[in-house]
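Here is a briefing on one chain. Keep the sequence and the model open while reading.

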Amino acid sequence: MSRYFVSKYAALTPYTPGEQPRGRQYVKLNTNESPFPPSEGVIRAVEAEGHRLNLYSDPECFVLRGRLAARYGVEPDMVMLTNGSDDILNFAFMAFSDEQSPLFFPDITYGFYPVFASLNHIPYTEIPLTDDFSIDPADYAGVNGTVVIANPNAPTGKLLPLDVIEAIVRSNPDHVVIVDEAYIDFGGQSAVSLVPRYDNLLVTQTFSKSRSMAGARLGFCIGQASLIADLNTLRYSTNPYNVNLMTAAAGVAALEDDDYYMGNCRVIMDNRAWTTSALEALGFTVLPSKANFVFAKSDRIGGEELYLRLKEKGVLVRHFKLDRIKEYNRITIGTRAQMECLVDTVKEILKEAAV
Ligand SMILES: *Cc1c(COP(=O)(O)O)cnc(C)c1O
């Protein structure tokens, strides 16, 4: 830390992204990227925008916003786009929470929530998941603060049904409930359908996971126009051009190729079922996942040891050192060949550990 770094940030612990390895080629199952390439249409759209990079992008994302609104059955003024959905979470925390409306989220969830809370000096309460790593909706009823819930949750993969989300939203009418749907396309039911009825509901989604665009950075949120206007006040006070030309064009093309992406999601769901049974057959406990990853632990080898042994053998998964979940690993669901490689490697490691 330099002696110039201001004291209000001195205690900030930044988010730790999953490794992006250089050099060695891994079977990369650690950051929930899609194993499938962008569609041909997306690649063409990005190439076509290259010659216009001398111009600013459209801060209103007019075309893409219209297409997204149509895709999700809402009005364009109910949509905002950003540079990845992490951006929205930061804006939403800034806009809708403070000392009078502190944050509430689970103890086991997306690691960025406490970081954005700390960055913005917003007090927060981590509500423990139940023993089976579920969110108990009763814990969020009328908490008198801003609620943020990842649904499906990360890194557990567990999904709350829509009526439970609705009950939480209804029980906190004076505060915003943010539902982070980064993984909703892998088998969940989106809360977007509730937005017209609740002015305190904000749903965020991303093109990073289900639409093979993690590197393009495109996220969006859907809420009533009044909430979206507040978020735009903050976006236009930081960087109105946060969605670049190429990414906006890629987003439009991705929506045109929606069948390709939703088809890929179905393949991931099949591979998830296959991987879950294969790991269970090896004695693993695998939480029931509705995301593009599974969260699993073995009764024969510790979580960190398994992570390290897999890495030695060229398979990268994500391990978290948090006490409650340190025996688990989060394994991204890739192609069937990648998952077969994972399972074969796990078998090898368990055999070696048994000697
Ligand atoms: C991946 C992820 C995001 C955001 O990803 P972006 O790439 O910034 O869109 C948000 N929430 C959760 C729970 C995630 O796993």
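Is glutamate 256 buried or exposed? Glutamate 256 is exposed, with a relative accessible area of 56%. The model is predicted. The points below cover salt bridges, strands, helices and aromatic contacts.

**Salt bridges**

- A search of the whole structure finds 17 salt bridges.
- One of them joins glutamate 256 to arginine 67, with the closest N and O atoms 2.8 Å apart. Glutamate 256 belongs to helix α7 and arginine 67 to helix α2 (residues 62–72), so this pair ties together parts 189 residues apart in sequence.
- Arginine 67 counts as partly exposed, at 36% relative accessibility.
- Arginine 197 forms a salt bridge with glutamate 166; the closest N and O atoms are 3.0 Å apart. Arginine 197 sits in the loop between β6 and β7, and glutamate 166 in helix α5, so the pair ties together parts that are 31 residues apart in sequence.
- Arginine 197 is exposed at 55% relative accessible area, whereas glutamate 166 is buried at 13%.
- Aspartate 258 forms a salt bridge with arginine 211, again with a closest N and O distance of 3.0 Å. Aspartate 258 lies in helix α8 (residues 258–281) and arginine 211 in the loop between β7 and β8, so parts 47 residues apart in sequence are tied together.
- Aspartate 258 is buried, with a relative accessible area of 12%. Arginine 211 is buried too, with a value of 0%.
- A network of salt bridges links Arg309, Glu312, Lys313, Glu348 and Glu352.

- Strand β8 (residues 219–223) has 5 of its 5 residues buried, so it is largely enclosed by the rest of the structure.
- Both faces of β8 are covered. Gly219, Cys221 and Gly223 are buried on one side, Phe220 and Ile222 on the other.
- In a regular strand, side chains alternate between the two faces of the sheet.
- Strand β2 (residues 79–82) pairs with β8 in the antiparallel sense over 4 bridges. Methionine 80 has cysteine 221 as its bridge partner in β8.
- β7 also pairs with β8 in the antiparallel sense, over 5 bridges. Here valine 203 has isoleucine 222 as its bridge partner in β8.

**The open sheet β9-β10-β12**

- These 3 strands form an open sheet, in the order β9-β10-β12, with antiparallel pairing.
- β9 (284–286) and β12 (328–332) are the edge strands. Each has a single partner strand, so one side of each is left without a neighbour in the sheet.
- Neighbouring strands of this sheet are turned by 30 degrees against each other on average, direction ignored.
- β9 and strand β10 (residues 293–298) are joined by 3 bridges. Valine 286 stands opposite alanine 296 in β10.
- Helix α10 (residues 336–354) packs on the sheet and touches β9, β10 and β12. The direction of α10 makes about 150 degrees with that of β12.

- Which residues of helix α5 (residues 162–171) are buried? They are Leu162, Val164, Ile165, Glu166, Ile168 and Val169.
- The buried residues of α5 pack against β5 (146–150), β6 (177–180) and β7 (201–206).
- Threonine 247 is found in helix α7 (residues 245–256). At 4% relative accessibility, threonine 247 counts as buried.
- Leaving out residues up to four places away in sequence, threonine 247 touches Met213, Ala216, Arg217 and Leu218.

**Aromatic contacts**

- The structure holds 17 aromatic pairs.
- Tyrosine 72 and phenylalanine 220 form a tilted pair, 5.5 Å centre to centre with 40 degrees between the planes. This pair links distant parts of the chain, 148 residues apart: tyrosine 72 in helix α2 and phenylalanine 220 in strand β8.
- Ring pairs link Tyr15, Phe93, Phe105, Tyr110, Phe112, Tyr113, Phe116 and Tyr124 into a cluster.
- Arginine 211 lies over the face of phenylalanine 207, at 5.0 Å from the ring centre. Arginine 211 also forms the salt bridge with aspartate 258.
- Arginine 330 lies over the face of phenylalanine 293, at 5.8 Å from the ring centre.

Methods: Residues are numbered from 1 along each chain as its sequence is written. This is a predicted model: local features need pLDDT of at least 70, side-chain atom pairs count only at pLDDT 80 or more; totals for chains, interfaces and linings use all residues. Side-chain values use heavy atoms; hydrogens and water are left out. Two strands pair if DSSP finds at least two bridges between them. Helices (H or I, at least four residues) and strands (E, at least two) are DSSP runs, numbered from the N terminus. Axes are lines fitted to C-alpha atoms, for helices over the stretch in contact, and angles run from 0 to 180 degrees between N-to-C directions. Contact means heavy atoms within 4.5 Å. Buried means under 20% relative accessible area, exposed over 50%, partly exposed in between (1.4 Å probe, protein chains only). A salt bridge is a side-chain nitrogen of Lys or Arg within 4 Å of a carboxyl oxygen of Asp or Glu. Rings of Phe, Tyr and Trp (its six-membered ring) pair if their centres lie within 6.5 Å; planes under 30 degrees apart count as stacked, over 60 as edge-to-face and the rest as tilted. A charge sits over a ring if NZ of Lys or CZ of Arg is within 6 Å of the ring centre and within 35 degrees of the ring normal.
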